[in-house]
Each structure stands twice: as C-alpha cells, then as structure tokens.
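Here are a few notes to read alongside the model. Have a look at it first, then work through the points.

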6 protein chains.
Amino acid sequence: MRPSGRAPDQMREVSFTRHYTKHAEGSVLVAFGDTQVLCTASVEDGVPRFLKGKGQGWITAEYGMLPRATHTRSGREAARGKQGGRTLEIQRLIGRSLRAAVDLRKLGENTVYLDCDVLQADGGTRTASISGACVALVDAFSVLLERKRIKEDPLNGLIASVSVGMYNNEPVLDLDYPEDSNADTDMNVVMTQHGGFVEIQGTAEGVPFTREQSDTLLGLAEKGIQDIVRKQQEALGW
Amino acid sequence: MRPSGRAPDQMREVSFTRHYTKHAEGSVLVAFGDTQVLCTASVEDGVPRFLKGKGQGWITAEYGMLPRATHTRSGREAARGKQGGRTLEIQRLIGRSLRAAVDLRKLGENTVYLDCDVLQADGGTRTASISGACVALVDAFSVLLERKRIKEDPLNGLIASVSVGMYNNEPVLDLDYPEDSNADTDMNVVMTQHGGFVEIQGTAEGVPFTREQSDTLLGLAEKGIQDIVRKQQEALGW
Amino acid sequence: MRPSGRAPDQMREVSFTRHYTKHAEGSVLVAFGDTQVLCTASVEDGVPRFLKGKGQGWITAEYGMLPRATHTRSGREAARGKQGGRTLEIQRLIGRSLRAAVDLRKLGENTVYLDCDVLQADGGTRTASISGACVALVDAFSVLLERKRIKEDPLNGLIASVSVGMYNNEPVLDLDYPEDSNADTDMNVVMTQHGGFVEIQGTAEGVPFTREQSDTLLGLAEKGIQDIVRKQQEALGW
Amino acid sequence: MRPSGRAPDQMREVSFTRHYTKHAEGSVLVAFGDTQVLCTASVEDGVPRFLKGKGQGWITAEYGMLPRATHTRSGREAARGKQGGRTLEIQRLIGRSLRAAVDLRKLGENTVYLDCDVLQADGGTRTASISGACVALVDAFSVLLERKRIKEDPLNGLIASVSVGMYNNEPVLDLDYPEDSNADTDMNVVMTQHGGFVEIQGTAEGVPFTREQSDTLLGLAEKGIQDIVRKQQEALGW
Amino acid sequence: MRPSGRAPDQMREVSFTRHYTKHAEGSVLVAFGDTQVLCTASVEDGVPRFLKGKGQGWITAEYGMLPRATHTRSGREAARGKQGGRTLEIQRLIGRSLRAAVDLRKLGENTVYLDCDVLQADGGTRTASISGACVALVDAFSVLLERKRIKEDPLNGLIASVSVGMYNNEPVLDLDYPEDSNADTDMNVVMTQHGGFVEIQGTAEGVPFTREQSDTLLGLAEKGIQDIVRKQQEALGW
Amino acid sequence: MRPSGRAPDQMREVSFTRHYTKHAEGSVLVAFGDTQVLCTASVEDGVPRFLKGKGQGWITAEYGMLPRATHTRSGREAARGKQGGRTLEIQRLIGRSLRAAVDLRKLGENTVYLDCDVLQADGGTRTASISGACVALVDAFSVLLERKRIKEDPLNGLIASVSVGMYNNEPVLDLDYPEDSNADTDMNVVMTQHGGFVEIQGTAEGVPFTREQSDTLLGLAEKGIQDIVRKQQEALGW
C-alpha cells in the first residue's frame with residue numbers, strides 16, 4: 001500500500017497552467033500533486049561565447065527552491081552565496097533534457113533560459129520541472145514564430161519526465177515525498193513523446209537493484225510518461 | 001492622467017490569499033495589481049547569538065525575485081553568488097518594519113523568518129511584501145498559540161506599507177511600474193494600523209521635493225494604508 | 001539634556017579639510033565632532049555599460065569603515081569576502097544623493113568615484129560622508145575644468161546631510177553615537193543648499209512616530225543643513 | 001572500428017597501484033588507459049553533524065582535475081573560487097556509490113574522505129575514480145582494523161564502475177576521450193562485485209536511445225565491471 | 001642622483017603620531033615621507049582555536065589600502081569580494097614580524113589585531129606598516145598593563161622595517177615610489193632594535209644581484225633601522 | 001645530527017622526470033626526497049590585458065596541494081572557495097622567479113602557465129616547484145621552437161631554488177619536514193645557474209638571526225643550487 005492510497009502505476013494529479021505570470025515568453029505552473037513548480041522560458045538575443053558564429057541557438061536551465069517550499073525551511077542559496085550540488089545537478093539535467101527536444105539550428109542565435117522555481121515541494125521536483133519546462137518552451141517558440149524571429153518551429157517533439165522506484169519491494173510510479181524518502185531504488189527517467197529515452201538515472205539507496213527490477217521500472221516509467229504527455233497536449237490544446 | 005486610468009488617490013486591486021502553500025506556518029500570496037509576492041513565515045526554535053539568553057525572540061526577513069518576475073530576465077542571485085544591494089536594502093526594511101509590529105518578549109526565544117519572493121513584479125514589491133508578510137506573521141503567531149509554544153499574542157497591531165510619489169507633478173498613490181520608472185519623487189511609507197509611522201523613505205529622482213509635497217504625500221500614504229489594513233482585516237476575518 | 005551638553009538644535013563641531021591626501025582629484029577629511037571620514041573623488045574616463053553612448057557621465061560611491069573606527073573592532077569586509085547590507089545601503093544613498101547635485105550631461109562621459117572611508121565613528125557617518133563627498137566633488141570638478149576635460153561646471157549646487165531624531169522625547173539635531181543608539185526615532189535628511197529635499201529616511205526604532213514629530217524633525221534638519229552648507233562654503237572659500 | 005583499435009567489448013589497460021603516496025591511509029593510482037587518477041582515502045575521527053550520536057560512520061568524496069590533465073588547460077577551481085557543476089555532480093556520485101559498498105554502522109563514528117584527483121584525463125575519469133577509490137577504501141579499512149579503531153571490516157564487497165555507449169551505432173565498452181566526445185549515448189554504470197546495480201546514468205547526447213539499446217549496454221557494462229573487479233582483486237592480492 | 005634629492009643612505013622624514021584615533025588600544029599614524037599608514041592595535045579576549053588552552057596569546061595583522069591611496073584608483077577589495085595576493089602576503093609578513101617582537105606567553109590568552117590601513121601610498125607601505133604597528137602594539141600593551149589584564153610587558157624589544165635596493169646601480173635606503181618602480185633589486189628588511197634579523201626579502205626585478213650587493217644592502221638597512229628605532233623611541237618618550 | 005642522517009650540506013635525492021603526463025607542452029615530476037611535485041607548463045596564445053600590444057610574453061604560476069599530500073588531510077581550496085594566503089604567496093614567488101629566467105620579448109605574445117601541484121609533501125615544496133617548473137619551461141620552449149611559434153629560445157639560463165636554515169644551531173641545506181617545523185631560521189633562495197641571486201626570503205621563526213648566519217646560509221644555498229642545476233642539466237641531456 002502506498003501512503004497516498006494510489007495504485008502502483010498511478011500518477012498523482014498532474015496539471016499544467018499556462019500563462020501563469022505575464023512577462024515571460026512561456027510561463028507554466030506545473031503540479032504533480034502537491035509539488036508545484038513555476039517554469040518560465042525567457043528568450044534572449046545571442047548565444048554563449050562557445051557557440052558564437054555557429055548559426056545555432058542554446059537552451060539552458062536554472063533551478064531554485066523557495067526557502068519554505070519544504071517541510072522545514074532551507075537556507076536561501078543567494079544568501080549562502082552559492083548554489084548547492086543538488087541544485088547544479090538538477091539544472092544541468094533540465095537543460096540537457098530540453099536540448100534533446102529541440103533542433104538548435106532552427107532556433108537561430110537565440111538563447112532560451114528555462115527557470116524552474118519550486119513553490120511547494122512534495123517529491124519529484126526535477127521530473128515536474130522538466131515536464132513543465134517543455135510546455136513553457138513550446139509557448140516561447142510560438143512567440144518567436146509570431147514575432148518572426150524564427151522561421152520554423154525548433155521543437156522535435158514533447159519530452160516529459162517521471163520518477164519510478166522500489167518502495168516496500170514494489171515498483172511504484174511517480175514517488176511523492178514520503179515514498180521518495182523511504183525508497184530502496186529511485187529512478188528518474190526522461191523520454192520523448194515518441195518513446196525514446198533521453199536520460200535514465202537510477203540509484204540504489206540501500207540494497208543494489210537487479211536488471212529485472214530496472215527493466216520493470218523502465219516499463220512503469222514509459223506508462224507514466226505517456227500520461228504526462230497527454231496532459232501536456234491537453235494543456236496546449238493539441 | 002495615470003497610465004492605468006486610476007484616480008490619484010486610488011490603490012490598485014489589493015488581495016491577500018492565505019494558506020497559499022502548505023508547509024509554512026504562515027503563507028500568503030499578496031497582490032497589489034499585477035505585483036504578486038509569496039510571503040511565508042517560518043518559525044524556528046532559538047534566536048541569533050547576539051540575543052541568546054535575553055528571553056526574547058527575533059524576526060528577520062529575506063527577499064528574492066524570481067528571474068523572470070520582471071520585463072526582461074534578471075540574473076539569479078544564487079548563480080551570481082551574492083545578493084545585490086537593492087535586495088539587502090529591501091530585506092533589511094521588511095525585517096525592521098515587522099519587528100516594529102511585535103512585542104519580541106512575548107515571542108519567547110523563537111525566530112520567525114519572513115521570506116518574500118516576488119513571482120511577478122509591476123512596481124511596489126517592497127510595500128506589497130511588508131503588507132503581505134504581516135498577514136503571514138499573524139497566521140504564524142496563531143499556530144504558535146495553538147501549539148502552546150507561546151502564551152500571549154506578540155502582535156502589537158497590523159502594519160502595512162504603500163508607495164506614494166510625484167508623477168507628472170501630481171501626487172499619486174501606489175505607483176505601478178510605468179509610474180515608478182518616471183516619477184520625480186518616490187516615497188515608501190510603513191505605518192501601523194493605528195496611524196503611527198514606522199518608516200518613511202522619500203527620494204527625489206530628479207528635481208528635489210518641497211516640504212509641502214512631502215506633507216501631501218504623507219497624507220496620501222495614510223489614506224492608502226487604511227485601505228490596505230482593511231483588506232488585511234478582511235482576509236484575516238477580523 | 002543631551003549627553004554632550006549640546007542644545008537640542010546644536011550641531012557638533014563641523015569641519016572640512018581639503019587636499020587631505022595628494023593623489024585624488026578631490027580629497028576631504030570631514031569631521032562631525034568625533035566622526036571623521038576621508039572622502040575622495042576620483043575621476044575616470046568612460047561610463048558604465050548601461051550609459052555608453054548617451055553623452056552623460058556617472059557618479060557612484062563606495063563606503064567603508066576601518067576595522068577599529070568603532071568602539072569594538074568589527075571584521076574587515078575584504079577579509080569576510082563581502083560587503084554587508086548596511087554598507088551597500090549607505091553607499092547607494094551617497095551615490096544617489098550626489099547625483100542629485102549634478103547635471104550629469106555636463107560631466108561628459110566621465111565617471112566620478114566617491115570613496116567615503118570612516119577613520120573614526122561616533123554616529124552620523126553617512127551624513128558626514130554625504131556632506132564631505134560633496135566638497136570633494138566640487139574640487140574634482142575644478143580639476144576637470146582646469147584640465148579642460150569638461151567645459152561647464154556640472155554642479156547644480158551644494159548638498160548636505162544631517163540626522164535628526166527623538167531622544168528622550170525631545171527632537172534633537174545631529175545625533176552622536178550615545179544618542180543614536182538610544183533614540184526612538186532616527187531620521188537622515190539630505191537637502192540641497194537651496195532648501196530642496198533630496199532624501200528623507202525616517203525610522204521608528206521602538207514607538208512609532210507621528211506626523212507632527214516628523215514635521216518638527218524636518219524643520220530641525222533644515223536648520224542643521226544650513227549650518228553645514230555654510231561650513232562647506234567657508235572651506236571652499238566661496 | 002574504434003579509434004584505439006579495441007574490440008567493442010574490450011576494456012583499456014586497467015591497473016591499480018597501491019601505496020602510491022605515503023601519508024594517506026589508502027592511496028591508489030588507478031589507470032584506465034591514459035586516464036590516471038590518484039585516489040586517497042583519509043580517515044578522520046567523528047562524523048558530520050547530522051549523524052552525531054547515531055553510532056555510524058560516513059564516507060564522502062571530493063573530485064578534482066589538475067589544470068593540465070586535459071588537452072587544453074582548464075582554469076583551476078580554487079582560483080575561480082568555486083567548484084563547477086560537473087565537479088560537484090561527480091563527487092556526489094563517487095560518495096554515494098562508495099557508501100553503497102559499506103556497512104556504515106561497522107565503521108563507527110569515523111569519516112572517510114575519498115579524494116580523487118585526475119592527473120591525466122582521457123575519458124572515463126569518474127568511472128576510474130569510483131573503481132580506484134574502492135581499492136583505497138579497502139586499504140584504509142585494513143589500517144583501521146590493524147590500529148583496532150574498528151572491530152569488523154565494514155566492506156560489503158567491492159564495487160566498480162565503467163562507461164558504455166553507442167559509438168557509430170555500435171555498443172562499445174569503456175569509452176576513451178575520442179569516443180566519448182562523439183558518442184550518441186553515454187551510460188555510466190556502477191555495480192557491486194556480486195552483480196547488483198548501484199547506479200545507472202544514461203544520457204542521449206543526440207538521438208534518443210531505445211530500451212533494447214539500454215539493455216545491450218547494461219550487458220556490456222556487466223562484462224566490463226567483472227574485468228575491473230578482477231583487477232581490483234589482483235591488486236589487493238585476494 | 002635620487003629623484004627626491006636624498007643622499008643614498010638618507011631616510012625620508014619619518015614620524016609616528018600616537019593616539020591618532022580614539023577607540024583602539026593603540027592607534028598610530030606612521031609617515032615615511034608621503035607614505036601614511038594608520039596602524040591600530042585592538043585587543044580581544046581569547047585566542048584562535050589552534051592555541052586554545054596553551055596559555056599563550058596571539059598577534060595577527062590585517063592590511064588594507066584605501067582605494068585612492070594610490071596614483072590611480074584601485075578597486076576596493078571588499079567590493080571585489082576577496083583580498084588580493086599582495087595584501088595577504090603583506091599582512092602575513094606584518095603578523096609574523098610583530099610576533100617576533102613579543103613573548104606570547106606573557107600576553108596570556110589575548111589576541112591583538114594589528115590593522116594597517118594605508119591612507120596615502122608613496123612606496124614602502126609594508127615597512128612603514130611594520131614600524132608603525134610596533135608602536136601601536138607598545139601602546140596596547142601599556143593599556144593591558146594598566147587594566148591589569150597582563151602582569152608583565154610581553155615586548156621583547158622594538159622592531160622596525162625598511163626597504164633598500166639597487167637604483168641606477170647604486171644601493172639606496174628607503175625607496176619611494178619613483179625609485180621602487182624602477183629599482184633592479186628591492187629588499188625589505190625587518191630587524192629588532194638590538195640588531196637581530198627577523199626577516200629578509202630580497203627580489204631581483206631584472207638583473208640578478210650578487211652576494212656583495214646583498215651584503216651592502218643589508219648594511220644600509222641596518223643603518224636605516226637604527227634611525228627608525230630612534231624615532232619610535234622618541235615618539236614613545238623612551 | 002639531522003633526523004635523516006644527512007650531512008649538513010647534503011641535499012636529499014633530487015630527480016626530474018620529464019614527460020610525466022602527455023597533454024602539457026612541458027610536464028615534469030620533480031622529487032626532493034619524499035616531496036613530489038607535478039610541474040606542467042601550458043602555452044596559450046595572447047597575454048594579459050596590461051601587456052596587450054607590447055610585443056612581449058608573460059609567465060605566471062599557480063600552486064596547489066592535493067588534500068592528502070600532507071600528514072593530516074587539509075581542506076580542498078576549491079571547496080572552501082578561495083586560495084589561502086600561503087598558496088597565493090608561493091605562486092607569486094614561482095611566477096616572479098621564473099620570469100627572471102626568461103627574456104619575455106623573445107616569447108612573443110604568448111602566456112605560459114606553470115602549474116605546480118604537490119602530490120606528496122615533506123618540506124621544501126616551493127623550492128622543488130621552482131626547480132621543476134624551470135625544466136618544464138625549457139621543454140615548453142622547445143615545443144614552441146619546433147612548432148615555429150617563436151624564433152629564439154627565450155631562456156636566459158636555468159634557475160633553481162633550495163631552502164637553508166638553522167637547525168639545532170647548525171646551518172643545514174634542503175630542510176625536510178621534521179627539520180622545517182623545528183628550525184630557528186628558514187631561508188628560501190632562488191638563483192640562476194650562473195650564480196646570481198633572484199630571490200632571498202629569510203625568516204626568523206624564534207630567535208633573530210645574525211648577519212654572519214645569513215652569510216653562512218647563503219653560501220650553503222649556493223652549493224645546493226649548483227647540485228640541483230646539475231641534476232636539471234642531466235635530465236635535459238645537456
């Protein structure tokens with residue numbers, strides 16, 4: 001039995017609220033149950049130095065957590081004067097995943113910043129961030145197309161992400177915080193809407209896991225990602 | 001004429017949404033028009049070193065702005081590795097203002113962190129933050145009273161804050177971004193619900209201002225603060 | 001009675017020693033009683049990036065305190081690796097105030113750095129800094145005129161600053177450290193020599209203050225600023 | 001064909017040189033071909049604060065790269081004033097992996113620091129680091145047992161790590177730098193000597209990968225890890 | 001001929017102004033010609049952790065330069081967020097030199113901070129700092145003796161410092177800025193009043209120097225240090 | 001008697017292993033007994049801004065110590081976020097010393113980075129670094145000549161460095177760690193192969209030293225440096 005009463009292969013309530021704030025080219029509040037992340041896509045002229053003159057664009061991500069998004073208040077990274085390892089790891093993952101969804105040549109010499117700020121955390125903030133950032137990115141591309149800053153849509157297809165894990169020896173989908181903090185194995189999976197794998201990160205927290213378990217978990221992730229992609233499509237009116 | 005069409009002494013739509021997130025002892029989304037700030041109050045045992053053993057509590061504030069809360073994206077302070085002067089100035093103001101609303105001895109040796117994070121900015125983020133943080137603080141005190149961690153309510157009364165300024169030679173109340181960026185004089189005022197002044201910060205952006213103008217602006221601020229206090233009271237069900 | 005025996009509307013001994021050090025274009029040691037600040041004005045070619053090509057100059061300030069300027073030694077900000085919130089707040093105030101004294105277009109694409117370093121502190125370091133920096137700025141403009149780097153004097157007029165406050169329920173002028181650390185209300189005022197207000201920053205330390213008190217304090221500040229301006233003029237031989 | 005002429009399932013020359021430096025409790029130079037990493041294990045009394053009094057030990061890792069370990073010199077992180085995201089990600093991975101090899105309760109309240117410093121880089125520095133750190137850890141445990149600071153060997157078994165990837169549409173084992181910088185998919189795998197998975201991190205650099213490819217790559221990794229474990233055992237004289 | 005017209009073995013005008021500021025236990029303005037450094041000695045209870053419980057005291061130094069102490073303005077280290085290598089090198093030298101003048105056991109578990117802040121620079125700021133800090137230290141020890149915080153004077157004797165160098169192939173004493181920036185060899189020497197060497201730091205800026213030159217320079221330094229010690233004694237009324 | 005049993009004027013075993021790693025233009029492992037430092041020379045196009053357009057090159061050094069190069073582990077500077085004073089002092093010394101060995105005009109607008117990373121420390125890491133960096137520099141110059149990036153060899157001659165000191169009242173050559181930590185006087189000397197002095201840094205750790213002692217120590221250093229230069233020449237096949 002899961003603490004939330006969900007079936008093993010049942011996602012939390014997933015929603016994408018577009019145009020959540022008004023300044024960004026894309027602005028989406030994504031909710032995976034009580035996990036809520038504000039994902040904005042901001043477009044700037046130009047690319048980082050290592051790409052100058054190569055005729056392609058760039059997509060990068062930053063991740064943050066409001067101090068009281070969590071059960072107990074965690075110190076503000078801006079006040080501590082540096083981003084922690086977990087933050088850097090997550091924002092590298094988000095950027096890498098979204099770049100896999102895009103044909104950077106069609107983006108021209110533009111940079112898209114994906115800011116994922118967690119307003120409320122209950123497990124799965126990185127998977128919600130990736131899934132929400134993709135919708136914000138789609139909206140930003142629409143703005144660029146409307147403003148004729150780009151000619152073709154750079155999107156190769158939607159991507160989404162979900163966590164799966166072994167909880168009480170059972171494979172479960174979309175771990176919430178009580179599950180996440182007690183799971184034996186935790187795996188974050190990023191996939192395209194067409195079923196290709198973009199990233200697999202599986203970690204044994206205690207007992208090592210087997211290849212069979214890995215296989216079962218990947219199957220569960222595929223199912224969850226199809227659910228999320230459907231929600232993304234609904235939100236986008238596709 | 002004001003860009004928004006408001007009367008000179010007219011506030012923007014002000015609202016306080018309590019219990020906006022679930023983990024914090026107090027969590028309020030405050031809106032002054034399109035300016036939206038999430039204010040949380042987090043209670044921790046103990047006090048900073050300089051207060052140890054003095055039998056009183058402490059209230060401190062931190063302020064942040066999501067990177068795309070503004071028209072153009074501004075760099076993330078956590079990524080730059082330090083908080084800017086404007087951020088430090090505002091969070092010092094919020095902390096000082098709220099301490100003026102509280103009898104710190106009744107708080108016992110507890111510290112309340114007031115986190116004000118701007119989700120969307122359209123002028124007046126510091127005045128909205130102070131006004132919203134006060135409501136979050138009231139909710140946090142209720143929690144402390146319920147949990148019997150304190151015996152008496154430490155609140156001396158509500159405080160609120162508003163900006164006033166000279167715009168096109170006219171005194172106006174509650175400047176939004178288009179006004180704020182073109183005002184000759186900008187004044188932020190913090191007051192108690194009983195009409196006492198907690199803080200006055202007036203700045204001439206171009207032409208110096210006169211004592212008569214200062215006097216008129218303070219009168220306008222008094223009016224606006226009464227409006228805000230009424231909204232705070234409604235939100236609190238008082 | 002004031003600890004120093006001064007009358008309520010009596011300034012401390014104020015002096016401006018020009019050409020205090022030899023390298024800077026302007027170098028003034030300002031003393032408000034035992035508060036001593038070395039203010040230098042340094043001129044550099046060019047302007048910050050956000051002003052490039054706009055045909056105007058820039059004035060900025062930095063503030064520092066020698067570690068043993070105070071009763072007990074305070075840590076060196078360079079050693080701690082960052083400037084504190086109080087420092088940033090004061091240097092922003094100094095820069096903003098002095099820019100109000102100057103026609104930046106007449107300055108051409110030059111930047112003036114105003115460095116205010118407190119050698120000895122006894123209350124009122126920010127007001128002394130502003131008042132001294134103005135004299136250093138006048139000297140720097142004279143050098144620029146002599147060297148024909150500018151054609152017209154950019155100065156609109158002198159500015160000066162003083163603190164006023166409620167001490168033992170009495171309004172007093174130019175608070176020294178024993179008064180400052182016990183005042184109920186503390187107000188820093190910056191004015192032009194012609195009586196215009198550039199900045200008002202009033203703070204209730206304990207009990208809120210009334211509009212009448214604010215009014216009385218502003219009157220006292222006007223008196224003090226006239227005294228300081230007279231001393232500035234004497235020092236400049238005007 | 002691989003640039004090195006190796007067969008698809010062929011490891012580079014792997015070696016572990018124990019007692020490479022003299023001060024550390026464990027000191028191992030690990031080579032995966034031209035990739036050379038100095039791994040030291042340093043034991044200190046006590047544990048981090050979050051573990052105090054829980055009767056268990058801790059294992060943590062730090063990773064660094066000498067500036068000219070790479071083809072072109074990369075800036076020294078100590079000079080830049082912070083560790084990059086890649087560094088933090090790798091050292092978190094090393095620490096997490098090695099903790100999976102150990103029964104922390106048998107370690108008592110001791111902390112082992114695993115320092116992995118890359119002397120020469122040619123792809124696979126993180127997998128070499130994990131494999132070498134494990135041998136250094138075994139040596140450190142022997143020292144602790146000899147000195148009677150612990151009673152039982154905390155090691156659950158050896159762990160090792162290898163990379164696998166899709167290079168020119170072929171699954172290959174133990175990517176060197178020319179392969180790594182051109183691979184479509186890159187997967188780092190950490191396993192126990194008994195064949196359990198500790199960590200899987202697979203990333204599609206360009207084209208997404210399929211579940212079949214993932215499966216093939218895991219099989220290849222299992223083979224490579226058995227080779228490395230055999231080398232570890234030889235070096236340890238087991 | 002020297003730019004200043006001084007004889008090769010002639011010091012600049014040296015002066016020590018005691019009680020220059022009022023808060024510090026020792027406060028001395030030292031001038032070596034136009035080089036002016038404010039040296040304060042601040043006493044605090046306790047010692048750094050590595051000395052706790054050893055029944056001895058500690059002396060440490062910090063060095064700073066006001067931004068416009070120099071011909072062209074140099075950036076403020078507090079604003080840049082770190083102390084430069086030259087600053088750290090000089091303050092390590094000052095601390096080490098002064099500890100050589102003191103019996104740390106007689107100081108008890110007290111720490112003396114020697115802050116040397118350069119108000120105006122014209123060459124020789126480190127040698128002036130050491131010579132001035134010694135006088136400030138003597139004054140601080142007198143205060144400690146008066147307040148009965150220590151029983152015996154910890155001073156072993158005065159120390160002083162001077163620079164010597166090869167300028168236009170001539171050995172010269174006490175280099176000012178025009179000499180220092182053109183010298184072939186620059187040597188800073190710290191000695192006790194009894195003629196013992198505490199520190200010798202000689203550097204060839206261009207052509208290497210010979211042992212004979214080194215010998216001549218040391219003789220010149222001995223002469224200069226005797227002059228400085230005489231001035232220290234006069235200032236102290238010894 | 002010396003702890004190592006060496007004669008007072010006897011160096012430790014000195015060796016230079018060239019081409020120790022493969023990427024750098026020069027790569028030398030230098031050993032002074034158990035002190036082992038990896039010195040690499042990396043050539044980059046261009047010079048720092050202050051040298052732009054002057055038609056000369058630049059040589060700079062960075063120094064680091066692996067965390068467990070020492071008896072007890074010392075914190076990683078990259079993790080602490082800044083280089084300590086000792087590190088900065090040493091790398092300034094290495095850079096200054098090597099620049100004295102080179103005609104920077106013959107180097108053209110190229111910069112050579114000398115990275116000295118201590119793998120194992122047993123006293124004398126800075127003197128070994130300088131001596132090893134010189135050999136790495138020679139190799140880098142050969143590469144530049146071969147690649148026709150420079151026309152003439154910029155080397156003026158070899159330089160080397162050694163420490164000397166008073167240990168148990170005896171002058172000794174090349175102090176190892178047990179001697180270094182107990183010496184009364186410690187002197188680091190840098191000389192050219194032709195016998196010219198580049199740098200002398202002598203420090204009295206306890207009792208001041210005399211001019212005679214200084215003289216004796218310099219003589220001993222001359223002897224040691226001749227030994228080291230001979231080893232450098234052997235390694236280079238000169």
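1. How much area do chain B and chain A bury between them? About 3000 Å², with 48% of it on carbon and sulfur atoms; buried area here is the accessible area (1.4 Å probe) that two parts lose on being put together, summed over both. His23(B), Arg68(B) and Arg73(B) supply 26% of what chain B buries against chain A, more than any other three residues.

2. A word on the ground rules: this is a predicted model, where local features need pLDDT of at least 70 and side-chain atom pairs count only at pLDDT 80 or more, while totals for chains, interfaces and linings use all residues. Residues are numbered from 1 along each chain as its sequence is written, chains are lettered from A in the order in which they are written, and side-chain values use heavy atoms, leaving out hydrogens and water.

3. Counting contacts (heavy atoms within 4.5 Å), 38 residues of chain B meet 38 residues of chain A.

4. The rule finds 14 salt bridges across this interface, each a side-chain nitrogen of Lys or Arg within 4 Å of a carboxyl oxygen of Asp or Glu. One of them pairs Arg76(A) with Glu62(B), with the closest N and O atoms 2.9 Å apart.

5. Not counting residues up to four places away in sequence, Leu98(A) touches Ile59(A), Leu114(A) and Ile130(A), among others.
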